[in-house]
Amino acid sequence: MKKAATQTPPAETAGSAGASSPAPKLDLQRLAELERTHMLPSFIPLDEHAVRGPTILVRGKGVFVWDADGNEYLDSAAGIWNVNLGFGRTEIAEAVREQIERLSFHVNLLGLSTPPAIEFAAKLAALAPGELKRVLLTSGGSESNESVIRLSRLYFALQGKPAKTTAVARYFGYHGSTLGAASLTGIERFHRYFGPPALKVRHIAPPYRYRCELCRGADACTLACADELEKAIVAEGSDNVGFFIAEPVIGSGGVIPAPKEYWTRIRQICDRHDVLFVADEVITGGGRTGQMFGCEHWDVTPDIITCAKGISSGYLPLGAVLVHEKIYHAIFNGPSGLALWHGFTNTGHPTCCVAGLKTLEIIERERLVERARRMGERMFEGLRALEASPIVGDIRGQGLMAGIELVQDKQSRRPFALTAGVGKFLRQTAREMGLLVRLAGDIICLSPPLVISENEMDMLLGRLSAALAKTERWLAQHSFPAA
Ligand SMILES: Cc1ncc(COP(=O)(O)O)c(C=O)c1O
């Protein structure tokens with residue numbers, strides 16, 4: 001489908017890589033046909049995808065990407081919460097090319113390592129809070145969270161507490177798609193049809209202020225949701241619970257932040273029951289919330305941080321698990337001959353670590369953490385104008401992460417029936433207006449690259465506001481059943 005083009009960049013300026021390597025001519029019909037025949041598409045109903053087909057993106061620069069028809073989109077999702085530096089950084093491309101020419105691959109296992117893996121781990125450890133100074137490198141968020149499950153088991157087994165294998169996580173939390181990480185995920189559609197989980201997980205309510213059942217009617221959060229953690233641990237038995245995992249700001253589940261006091265209470269509960277506190281910083285690590293790690297907004301430090309996405313800005317796959325020294329010492333002081341029998345071929349892949357190192361260097365050099373804070377303020381200031389919309393129920397978030405929850409009735413907070421497709425209509429309308437947005441149901445999730453300029457932020461807000469207004473007009477012409 002041909003969309004209304006908003007701007008067509010000259011081929012040689014669209015994406016810095018394009019300057020040195022002319023874009024190959026694309027046979028779009030053939031690509032679409034190959035996609036239809038061979039891809040197993042994720043995170044979209046296959047029937048919907050079969051009708052619409054993919055939007056094929058071919059180029060990116062800064063906060064913009066272009067599709068194969070030359071249409072420009074401002075990417076308000078930064079890829080998928082990850083392209084914090086924006087697209088088309090030549091500096092990273094060059095560093096990666098040099099590493100491939102020097103030593104394209106070797107392991108970070110079995111006593112072998114490479115300079116980029118060591119440098120990257122050390123840099124991440126230097127940025128991490130508290131005593132989280134040991135780093136296990138992975139290729140992404142799911143692998144990082146999967147690693148937590150095994151590290152926690154090993155740690156407690158070495159303490160003589162092998163039964164501590166149950167985890168507590170939160171509804172709406174997303175922790176990945178591998179079996180263990182998906183088991184931790186608290187979103188129903190990741191469980192239906194997938195059979196039993198890999199481990200026992202108790203899910204508790206998150207601090208979802210807008211729809212909180214626990215402190216309904218109270219003026220402020222009562223932290224009853226934090227106390228749910230203690231109830232879950234007691235119900236399961238402290239001797240059986242290994243860790244609690246939570247995102248500092250829930251991302252894919254609809255952008256749900258928590259007050260600082262919530263985390264203090266969580267820390268106290270974990271300490272009381274000898275339960276590891278794991279912060280899943282796959283989205284928030286790398287500056288997005290206005291601190292390098294989301295947990296730096298709190299007065300307490302977790303025992304483990306998992307990260308991915310923003311630490312390599314999507315230039316190459318990379319993830320990490322930052323663990324407290326006590327976990328390292330438990331393994332070090334374990335039975336003679338014990339090794340960490342957990343690792344991957346791509347643990348510390350040198351080329352990916354070069355991309356990660358450059359990413360962290362640029363975040364510091366360009367002061368992008370501060371920028372996320374400043375541009376986040378501008379974003380929320382601008383979003384205030386949307387509060388008057390009859391279908392905007394709640395606007396929330398932190399730094400450069402915002403959730404805009406659409407509702408059918410503002411007074412009662414009644415959501416739209418998902419079958420009404422209101423969010424999807426808005427997403428498609430925004431796309432036709434040159435804005436890529438991401439949804440969690442009918443919640444619009446904004447997470448633009450941290451490099452976004454003032455003008456680009458205003459453009460983002462302008463396009464979003466226009467898409468919202470068109471959605472309101474569309475709704476006025478239809479009647480939908482209540483959810
Ligand atoms: C908070 C969080 N944890 C884990 C993951 C899984 O990461 P990956 O897709 O890199 O496996 C994601 C992905 O969106 C995420 O948002």
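How close do the axes of helix H6 and H12 come, and at what angle do they cross? They come within 8 Å and cross at roughly 35°. This is a predicted model.

## H6 against H12

Helix H6 covers residues 115–127. H6 and H12 cross in a left-handed sense. On the H6 side, the contact uses Pro 116, Ala 117, Glu 119, Phe 120 and Lys 123. On the H12 side, it uses Pro 350, Cys 353, Val 354, Gly 356, Leu 357 and Leu 360. Sorted by class, these residues are 8 nonpolar, 1 polar and 2 charged.

## H5 against H12

H12 spans residues 350–365 and also meets helix H5, residues 90–103. Here the axes come within 9 Å and cross at roughly 150°. That angle makes H5 roughly antiparallel to H12, because angles over 145 degrees count as roughly antiparallel. The crossing of H5 with H12 is right-handed.

Which residues of H5 and H12 meet? H5 brings Glu 91, Ile 92, Ala 95, Val 96, Gln 99, Ile 100 and Leu 103. H12 brings Pro 350, Thr 351, Val 354, Ala 355 and Lys 358. The classes here are 8 nonpolar, 2 polar and 2 charged. Pro 350 and Val 354 of H12 take part in this contact, and they also take part in the contact with H6.

## Around the ligand

How many residues surround the ligand? The number is 14. The closest are Gly 140, Gly 141, Ser 142, Gly 176 and Val 282. Helix H7, residues 141–158, gives the largest share of this shell, with 3 residues. By class, the shell holds 4 nonpolar, 8 polar and 2 charged residues.

Now to the strands. Strands of a sheet pair through backbone hydrogen bonds, either parallel or antiparallel.

Look next at S12 (residues 401–406) and S15 (residues 443–446). They pair in the antiparallel sense over 4 bridges. Ile 404 stands opposite Ile 444 in S15.

## A helix across the sheet

Terms used:
Residues are numbered from 1 along each chain as its sequence is written. This is a predicted model: local features need pLDDT of at least 70, side-chain atom pairs count only at pLDDT 80 or more; totals for chains, interfaces and linings use all residues. Axes are lines fitted to C-alpha atoms, for helices over the stretch in contact, and angles run from 0 to 180 degrees between N-to-C directions. Helices (H or I, at least four residues) and strands (E, at least two) are DSSP runs, numbered from the N terminus. Angles under 35 degrees count as roughly parallel, over 145 as roughly antiparallel, 65 to 115 as roughly perpendicular and the rest as oblique. A crossing is left-handed if the near helix is turned anticlockwise from the far one by less than a right angle, and right-handed if clockwise. Two residues are in contact if their C-beta atoms, placed from the backbone, lie within 7 Å. Ala, Val, Leu, Ile, Met, Phe, Trp, Tyr, Cys and Pro count as nonpolar, Asp, Glu, Lys and Arg as charged, and the others, Gly among them, as polar. A residue is near a molecule or strand if its C-beta atom, placed from the backbone, lies within 6 Å of it. Two strands pair if DSSP finds at least two bridges between them.
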